[in-house]
Amino acid sequence: MTELRTTPITARAMGTDLRRVDGLEKVTGRAAYAADQRIPEALSCWLVQSTVARGRVSRVDATAALAHEGVLAVIDHTTAPRLEDTSNRELAILQDDRIHFRGQIVALVIAATSEAAREGARLVRVEQEAEPFEAELREDNATYRPDSVNPDKETDTEQGDVDAALTAADVLVEATYRTAYEFNSPLEPHATVAWWSTEDGRETLTMYDASQGVHGVAQALAPMLGLAEDQLRVMAPYVGGGFGSKGQPHAHVMAAALAARTTPDRPVRLAVTRQQMFALTGYRTATISHVRLGAGRDGRLTAIEHRVQEQTSAVKEFAEQTATPTRMMYQAPHRRTSHRLAVLDVAVPSWMRAPGEMPGMFAHEVAMDELAVACGLDPIELRRRNEPDVDPETGLPFDTRRLTECFERGAARFGWADRPTRPRATRDGEWWVGTGVASATYPAMRMPGNVARVESLDGGCYAVSIGSVDIGTGARTVLTQIAADALEVGTEAIDLHIADSSLPMASVAGGSSGTSSWGSAIVAAAQQFRHDHGDRPDPGLRSEASAMRGDEVEQYSFHSFGAVFAQVRIHRYTGELRVPRMLGVYNVGRVINPTTARSQFLGGLIMGLSAALFEEGVRDPRFGHMVTQDLASYHVASHADALGIEAEWLEDETPVFTPMGSRGIGEIGIVGTAAAIANAAHHATGVRVRSIPLTADRFLG
């Protein structure tokens, strides 16, 4: 395998609306997701969960469950296979009697059918000894300083004399902003099928998993199970969304592996229920942001402070990087950010679309709107006056920013010039009407270690292989377009193979890094293939390569930017909120497929709308569990809520970042959206709400 310095490729297929290459399979129902895999003689596994938030399991009585027809086995901490490595405590299930959070897996029931497994799980009697616990995030208990925040960023940063600059500021905005617990809630629940086999005396584990990264699953589980990575094969041919929750394996994946180890030569299927997902498969922590902005009377920032409090789990640390976008968004000579955690007896939080950027930019952009009001400035003009010449955090120039152009184009399309300057100025019958705006940003990321393979086939066609996963974003389609342009052939000549850990290494579908990382590797393999074998190769030749990051990458700061506009209508008597119009304008480099890109932008905007108006996980601190554990009580936006939503982008490309000239687009759509809606709600009513979701009661009285 060669590491190659790639050269930019010419766009032929890229930039066109190539129909999704997997579209036919999906709309006809032939696409088989993890739980759909037809594996002969597969057994079903059901989870038994703890009902206390902290303590120990004193006894598991499986007598009634084992007497039920169809139930074959019940596994608990006394009978489960032992793991070689238990350092990942989220995955090290059934290894001892300790209970770390309510909903933790304490037993597994294996049966001939899912119905029998479910009934068997109901019949298992688990005796638990409860201990004192803490499960409530408060300002007074979020005091622990992590060593770093996700993925490996500094916990705290400071430049200049922030306190002195804030004291001397002509205008000071000081407020606290809150975001709720949010749950990823993909359409496809998490599911795993696993089976063990032995060949030539060598044990192997094969899995179908609803995962955003098959290699990541293999890397996490293999050492824990005492396997080499090539003894564990993970496949994820189709995945019905993840939004980050499927980016890392959760405890149910290990549960399937352990259950299957006790059923030689028979696969085990484990499908997590929607209710169980609220306890086991990740979520976004609630956040408390304390923001202080100091500025001159002209609105130019002199100081920024953003202190974040959020929560992690006692069983495994996760620190959301909520204040990090504040470090680079606007120019100010004095700046301070920090993160502190409450360590709680709760399930492990994890990635959710735009971790850090989504809650952090909500706080920062609502604070900027408050500053605009305090300074008597148009919110767009305030942002224009605080545009940095270089990245304020690193001092590096942006490869491209063009945020002011996003605002200008969006303002023209949205009719911003007709906006009244004062709040509560527009009424339509019984509805107050207002408009708001916010900035969006997301870092451009390329993950190391990605490898692609190109093999020549008959008829001038090519097999292109990489172990990446398409979670519904259209990765199969855009990678086909990239491969075609890199090999200078039509898309019909590309036979793409993905979503299998037996294929060359690929990073997770997360951090808006997939296309940049995998596409660059495919370009490297294509260019290596041409170097090795020429333009008219015989069938059966192959080359592998990964893309080398050039030194020029260290000379720039790579981020995508955007402007989000929202119109809000609030009923003057009931407080009901509606968002009839939203527009996002983005600068994200070259857009490889306009159809799939628009889908990603719109999906992000709708998810931001959902966070702004509906999504709120409620934990009962008396018992430690999420009360909202289904889609009847945890509300998400529906079709009726997503009305006039539009997205567009600037024509741009960044060949210094990727040979395709592209950057990631999957997450920027959710960033700034809730802030734009909150700002529009203030403009409509004059009521400033600093926490989401924006519920009707906030606007009454």
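## A buried ring to start from

With 3% relative accessibility, Phe407 counts as buried (under 20% relative accessible area, using a 1.4 Å probe and protein chains only). This is a predicted model, where local features need pLDDT of at least 70 and side-chain atom pairs pLDDT 80 or more, while totals for chains, interfaces and linings use all residues. Residues are numbered from 1 along each chain as its sequence is written, and side-chain values use heavy atoms, without hydrogens and water.

## Aromatic pairs

Rings of Phe, Tyr and Trp (its six-membered ring) pair if their centres lie within 6.5 Å; planes under 30 degrees apart are stacked, over 60 edge-to-face and the rest tilted. By this rule there are 16 aromatic pairs. Phe407 sits in helix α10 and Phe565 in strand β25, so their pair ties together parts 158 residues apart in sequence. Phe565, at 0% relative accessibility, also counts as buried.

Phe601 and Trp649 make a tilted pair, with 5.7 Å between centres and 35° between the planes. Helix α13 holds Phe601 and strand β29 holds Trp649, so this pair links parts 48 residues apart in sequence. Both residues, Phe601 and Trp649, are buried.

## The whole fold

Now for the wider view. The protein has 14 helices and 29 strands (DSSP runs, H or I of at least four residues and E of at least two, numbered from the N terminus). Of its 701 residues, 61% count as buried. Along the principal axes, the C-alpha trace spans about 75 × 70 × 50 Å.

Technical notes. Buried means under 20% relative accessible area, exposed over 50%, partly exposed in between (1.4 Å probe, protein chains only).
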